[in-house]
Amino acid sequence: MSLIERAIASLDRNRTVLIAGPTASGKSTLAMAIAAKFGWPVVNADALQVYSDWRVVTARPTEQDETTVPHHLYGHIAGSQSYSVGDWLRQIEPILLAQKCVVVGGTGLYFSALTEGLADIPTPSADVRTSSEARLATAGLAGLLEDLDPKTRARIDTVNPRRVQRAWEVMEATGRGLADWQDSTGPAVLPLEQTQPLVLSAPKDWLTPRIETRFEAMMESGALDEARKNAPSWHPDLPSAKAIGAAELIAYVQGRANLEVVREAVTIQTRQYAKRQRSWFRARMQDWHWIDAAQP
């Protein structure tokens with residue numbers, strides 16, 4: 001039996017399936033197969049695949065995929081619109097109440113918020129955002145980290161500038177550390193014990209070659225056309241601009257970068273992102289069922 005056949009054979013039709021995994025691990029293929037077998041929709045749990053302007057670059061399901069199996073919460077947000085994990089929870093709840101689903105993605109925070117609950121953290125004001133930008137400009141990431149409480153520093157991804165900046169803004173706006181807010185969580189929308197949670201374990205030596213071929217596949221699927229379409233309205237501060245490869249491809253189509261340099265940069269960033277994902281899953285998803293994606 002193949003990995004997909006073994007996974008399907010182990011599942012119960014009466015409980016929603018969650019699938020987490022690093023980029024390029026094959027989680028979307030597995031989700032599609034389960035959804036087709038059970039007659040369920042696929043629901044997105046990837047923070048960048050919600051945006052409408054980067055289908056190819058974010059590896060969103062193709063139009064053919066969306067025709068084959070119903071998909072929810074993909075490409076439904078404008079690239080200029082902010083979108084939080086709280087927004088995602090509010091949108092996924094009625095979908096989960098309506099029917100069983102396959103929820104798939106690589107954003108660990110979405111899964112933890114779904115199964116463990118999410119603190120109702122106030123949204124910092126524009127003035128606080130301006131202050132955080134100024135602090136980052138003068139003191140760098142280390143300066144922001146220095147201002148955080150030890151519990152928050154120990155919990156967040158300290159090499160992710162956006163996560164650090166977010167934690168700093170919460171502290172500045174509320175006087176409470178992000179970790180304290182997170183510890184004051186409400187009830188989970190979908191407790192873990194009511195689901196079938198799967199994590200694709202992707203060994204580095206197996207995943208790296210897949211990541212290295214990802215750029216070529218992206219190019220063949222129309223990434224340059226997508227970049228040309230987005231170039232007139234492109235700005236690095238857009239919420240969707242965090243998509244890996246977006247800035248580099250924009251630079252190429254605007255004549256500011258060599259394609260080989262772009263290929264190398266995107267591949268390195270993707271490897272680094274996959275490493276952060278694996279670290280999150282190991283730290284936060286020990287109670288999930290782990291599947292070796294490298295097994296045939």
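Guide: Leu18 touches, among others, Val103, Phe111, Leu114 and Trp288, leaving aside residues up to four places away in sequence. This is a predicted model, in which local features need pLDDT of at least 70, side-chain atom pairs count only at pLDDT 80 or more, and totals for chains, interfaces and linings use all residues. Residues are numbered from 1 along each chain as its sequence is written, and side-chain values use heavy atoms, with hydrogens and water left out.

Visitor: What makes Leu18 touch Val103?

Guide: Contact means heavy atoms within 4.5 Å, and Val103 is among the residues that Leu18 touches.

Visitor: Which residues touch the most other members of the largest nonpolar core?

Guide: They are Leu18, Trp88, Ile92, Val103, Phe111, Leu114 and Trp288, out of 27 residues. Such a core is a set of buried Ala, Val, Leu, Ile, Met, Phe, Trp, Tyr and Cys residues joined through side-chain atoms within 4.5 Å.

Visitor: Why is Thr174 called partly exposed?

Guide: Buried means under 20% relative accessible area, exposed over 50%, and partly exposed in between (1.4 Å probe, protein chains only). Thr174 has a relative accessible area of 26%, so Thr174 is partly exposed.

Visitor: What makes the pair of Thr174 and Trp181 a polar contact?

Guide: A polar contact is a pair of N or O atoms within 3.5 Å; within protein, one must be able to donate a hydrogen and the other to accept it, and residues adjacent in sequence count only if both atoms are side-chain atoms. The side chains of Thr174 and Trp181 make such a contact at 3.0 Å.
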